[in-house]
Amino acid sequence: MSIDTTEIESNSIMGEPVWTFERFIAGSSIGSTIQEVTSDELKYWEIIYGINPSKGDVPLGLVQVKVMSAYTDVVQPRPKGNIHLGQRVEVRSVPLIGRPMLAAVGCKEKRQKRDKNLVLFQVKVSDQASGDFLFEGALTIAWAV
């Protein structure tokens, strides 16, 4: 007897199972990653936006970049067709240049609305060495499968 692997293959990338809406558990941790604001990122920021941050100052926009980077690092592999619907970031303290941060990613909530699968991700970021809370982001994604 042969096994039809079409569904398994269509729900995996490079052998890893793709995150599907059913796999997410509201209130659960998904994983964590280390993030860092580098001096190169500050140089690119200046080139793109024409803003030269003061020595040691991190532009607040880079906080959102780190939230997105943490999400994309941890929630892998993702299916094609997801749509980023919204985001919010609450900042207690901006990160220091070159200082590692621990970013914990979780599924805060999932729900269906008008035949769309919505997943609300939470990304909590703290200074890796001290454990001090820095900022928290929330991402709302319309999940494709």
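## Charges over rings

The charged end of Lys-110 sits over the ring of Phe-21, 4.7 Å from the ring centre, where a charge counts as sitting over a ring if NZ of Lys or CZ of Arg is within 6 Å of the ring centre and within 35 degrees of the ring normal. Arg-23 likewise lies over the face of Trp-19, at 4.0 Å from the centre of that ring. The model is predicted, so local features need pLDDT of at least 70 and side-chain atom pairs count only at pLDDT 80 or more, while totals for chains, interfaces and linings use all residues. Residues are numbered from 1 along each chain as its sequence is written, and side-chain values use heavy atoms, with hydrogens and water left out.

## Aromatic pairs

A search of the whole structure finds six aromatic pairs; rings of Phe, Tyr and Trp (its six-membered ring) pair if their centres lie within 6.5 Å, and planes under 30 degrees apart count as stacked, over 60 as edge-to-face and the rest as tilted. Trp-19 and Phe-24 are stacked, because their ring centres are 4.8 Å apart and their planes stand at 15 degrees. Phe-24 also pairs with Trp-143 in an edge-to-face arrangement, 5.0 Å centre to centre and with 85 degrees between the planes. Phe-24 lies in the loop between strand 2 (16–17) and strand 3 (28–35), whereas Trp-143 belongs to strand 7 (residues 133–143), so this pair ties together parts that are 119 residues apart in sequence; helices (H or I, at least four residues) and strands (E, at least two) are DSSP runs, numbered from the N terminus.

Ring pairs link Trp-19, Phe-24, Tyr-71, Phe-121 and Trp-143 into a cluster.

Thr-20 lies in the loop between strand 2 and strand 3 and is buried, with a relative accessible area of 14%. Leaving aside neighbours within four places in sequence, Thr-20 is in contact (heavy atoms within 4.5 Å) with Trp-143 and Val-145.

## Salt bridges

Five salt bridges are found in a search of the whole structure, each being a side-chain nitrogen of Lys or Arg within 4 Å of a carboxyl oxygen of Asp or Glu.

| Pair | Distance, N to O |
|---|---|
| Asp-40 and Lys-43 | 3.8 Å |
| Glu-41 and Lys-66 | 2.7 Å |
| Arg-88 and Glu-90 | 2.9 Å |

Asp-40 and Lys-43 are three residues apart in helix 2 and therefore separated by about one helical turn, and Asp-40 is partly exposed at 42% relative accessibility. Glu-41 and Lys-66 form a salt bridge that links distant parts of the chain, with Glu-41 in helix 2 and Lys-66 in helix 3 (residues 61–74), 25 residues apart; Glu-41 and Lys-66 are both buried. In the remaining pair of the table, Arg-88 is partly exposed at 35%, and Glu-90 is partly exposed at 48%.

## A nonpolar surface patch

Tyr-44, Ile-47, Ile-48, Tyr-49 and Ile-51 form a nonpolar patch on the surface, with about 610 Å² of accessible area together. Patches are made of residues with over 30% relative accessible area and no salt bridge, with like charges joined within 9 Å and nonpolar side chains (Val, Leu, Ile, Met, Phe, Trp, Tyr) within 5 Å, and accessible areas come from the Shrake-Rupley method with a 1.4 Å probe, only the protein chains shown counting as cover for residues. Ile-47, found in helix 2 (residues 39–49), counts as exposed at 67% relative accessibility.

Key:
Buried means under 20% relative accessible area, exposed over 50%, partly exposed in between (1.4 Å probe, protein chains only).
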